[in-house]
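Please open the structure in a viewer with residue selection and distance tools at hand.

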Amino acid sequence: MTMSVAVNMLWCVPGEVGGSEEYFVRQLLGLAEFRSRCEVTAFVPRGFVAAHPDVDSAVCVVESMSDCRSRLGRIGVENTWLARHTKHFDVVHHGGGTMPTRSASPSVVTIHDLQYLTYPEYFTRTKRAYLGRRVPNAARRATVLTVPSEHVKSSVATSFGVDPGRIVVVRHGIESTLGARPTPEAELRSRFGIRTSRVLVYPAITHPHKNHEFLLELLAGPWNDPEISVVFAGGAGLADERVTRVIADKGLGDRVVRTGRVRPADRDGLIAMAEAVVFPSQFEGFGAPIVEAMAIGTPVIASNATAIPEVAGGAGVVLPLSIEEWSGALDMVRRRREELIVSGTSRAAHFTARGSAEDLLVAYEMAVSS
């Protein structure tokens with residue numbers, strides 16, 4: 001029998017929710033391959049279809065009249081409009097880590113990470129209070145929970161006393177077309193003013209936990225080669241002003257390129273031209289740029305924090321977050337480049353949109369049969 005699945009993506013304001021947006025978009029594209037097992041309807045904020053026409057072509061998409069930029073507004077829409085539209089589905093999947101008061105059962109809730117417990121200082125008081133109430137509530141009420149990694153599964157089970165048997169790991173998946181049409185290197189160099197011969201890329205929003213300052217310390221210290229530059233390819237986050245100030249204080253303006261959020265073809269082109277993708281994050285529920293880099297054939301240098309070693313799976317250079325440990329990382333990549341490319345390509349093959357959808361179907365079927 002084909003399941004009818006409602007996916008609550010009202011939290012997914014395009015361009016504003018980070019990696020969870022790509023995580024879910026890729027899952028929806030993967031689910032489109034399994035129409036004989038599930039019929040998916042995604043309920044999204046106004047403006048979502050314009051940002052993701054590929055999703056609109058793959059599954060049924062219903063846009064709300066609200067853009068859901070206000071948290072209170074979104075909560076109201078979830079408990080009225082969404083509740084009315086989803087009460088007859090076989091399963092309702094809430095993808096934003098929380099669950100509205102009014103929700104049909106059975107239900108699946110995705111918890112992306114518990115960063116607010118580890119680094120509460122990176123969140124506003126209002127958001128800490130909201131997450132502190134709503135995430136544990138969702139963990140208790142949901143029929144099944146999904147998470148992106150074993151690290152998050154362990155964290156959720158331990159923090160909220162949830163039976164691990166109710167938690168399904170749904171891996172990130174990357175589309176088969178990733179890297180197929182990258183923007184040419186010459187165009188990227190011209191448009192973004194990249195002039196150095198050696199280029200490193202960090203595709204991440206400037207939130208505090210992304211730890212951009214660590215790379216600036218390296219550029220000013222052991223990586224103080226005028227031919228090395230770092231491209232920060234990501235939107236402005238909560239630490240953006242501080243990152244700007246540190247770049248100026250250390251005199252690194254000519255060696256740090258800030259592109260802002262880039263389209264997929266530019267992202268792929270930047271990764272392809274890079275000597276390495278550098279990923280010194282302090283906290284990740286997964287870390288999709290690691291897999292994206294490996295799929296494109298670029299070595300990865302990453303921290304050993306949280307889920308990152310699990311995702312890298314021995315196919316990248318994974319190091320503790322200390323300047324001394326990272327000082328020789330570029331030399332290590334040069335020595336091991338071919339090995340890292342081969343192992344990275346093999347590792348990335350595990351993370352497909354289809355595989356992600358298969359994991360998610362396990363969670364849906366568990367919820368329906370509970």
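**First stop: Phe351**

Select Phe351, which is located in the loop that runs between α15 (329–348) and α16; helices (H or I, at least four residues) and strands (E, at least two) are DSSP runs, numbered from the N terminus. The model is a predicted one, in which local features need pLDDT of at least 70 and side-chain atom pairs count only at pLDDT 80 or more, while totals for chains, interfaces and linings use all residues. Residues are numbered from 1 along each chain as its sequence is written, and side-chain values use heavy atoms, with hydrogens and water left out.

With a relative accessible area of 5%, Phe351 is buried; buried means under 20% relative accessible area, exposed over 50%, and partly exposed in between (1.4 Å probe, protein chains only). Display its surroundings next: leaving aside neighbours within four places in sequence, Phe351 is in contact with Arg171, His172, Gly173, Ile174, Phe286, Val291 and Val311, where contact means heavy atoms within 4.5 Å. For a distance across the model, pick Asp249: its C-alpha lies 40 Å from that of Phe351, and the two are 102 residues apart in sequence.

**Helix α16**

Proceed to helix α16 (residues 353–369). Which residues of α16 are buried? They are Ala353, Gly355, Ser356, Ala357, Asp359, Leu360, Leu361, Ala363, Tyr364 and Ala367. When viewing them, recall that an α-helix has 3.6 residues a turn, so residues three or four places apart point the same way.

**Nonpolar cores**

Select Leu215, Trp223, Ile290, Ile301 and Trp326, which touch the most other members of the largest nonpolar core, a set of 46 residues. A nonpolar core is a set of buried Ala, Val, Leu, Ile, Met, Phe, Trp, Tyr and Cys residues joined through side-chain atoms within 4.5 Å. Centre the view on Ile301: not counting residues up to four places away in sequence, it touches Ala276, Val277, Val278, Phe279, Val317, Leu319, Trp326, Ala329, Leu330 and Val333. Apart from this core lies another, of 33 residues, including Val5, Met9, Cys38 and Leu361.

**Aromatic pairs**

Now display the rings of Phe, Tyr and Trp (its six-membered ring), which pair if their centres lie within 6.5 Å; planes under 30 degrees apart count as stacked, over 60 as edge-to-face and the rest as tilted. By this rule there are 10 aromatic pairs. Phe43 and Trp81 are edge-to-face, because their ring centres are 5.7 Å apart and their planes stand at 80°. Since Phe43 belongs to strand β2 (residues 38–44) and Trp81 to helix α4 (residues 71–86), the pair ties together parts that are 38 residues apart in sequence. Both Phe43 and Trp81 are buried.

Move to Phe214 and Trp326, an edge-to-face pair with 5.2 Å centre to centre and 80° between the planes. Phe214 lies in helix α9 (residues 212–220) and Trp326 in helix α14 (residues 323–326), so this pair ties together parts that are 112 residues apart in sequence. Phe214 counts as buried at 9% relative accessibility, and Trp326 is buried with a relative accessible area of 0%. Then select Trp11, Tyr23 and Phe24, which form one aromatic cluster.

Select Lys210, in the loop between β8 (198–202) and α9. Is Lys210 buried or exposed? At 12% relative accessibility, Lys210 counts as buried. Its side chain is joined to that of Glu284 by a polar contact of 2.6 Å (a pair of N or O atoms within 3.5 Å; within protein, one must be able to donate a hydrogen and the other to accept it, and residues adjacent in sequence count only if both atoms are side-chain atoms).

**Two positive phi values**

Finish with the backbone. Most residues other than glycine have a negative phi, and most peptide bonds are trans. Cys68, in the loop between β3 (60–63) and α4, has a positive phi near 60° and is buried at 4% relative accessibility. Thr306, in the loop between β12 (300–303) and α13 (308–312), has a positive phi near 45° and counts as partly exposed at 26% relative accessibility.
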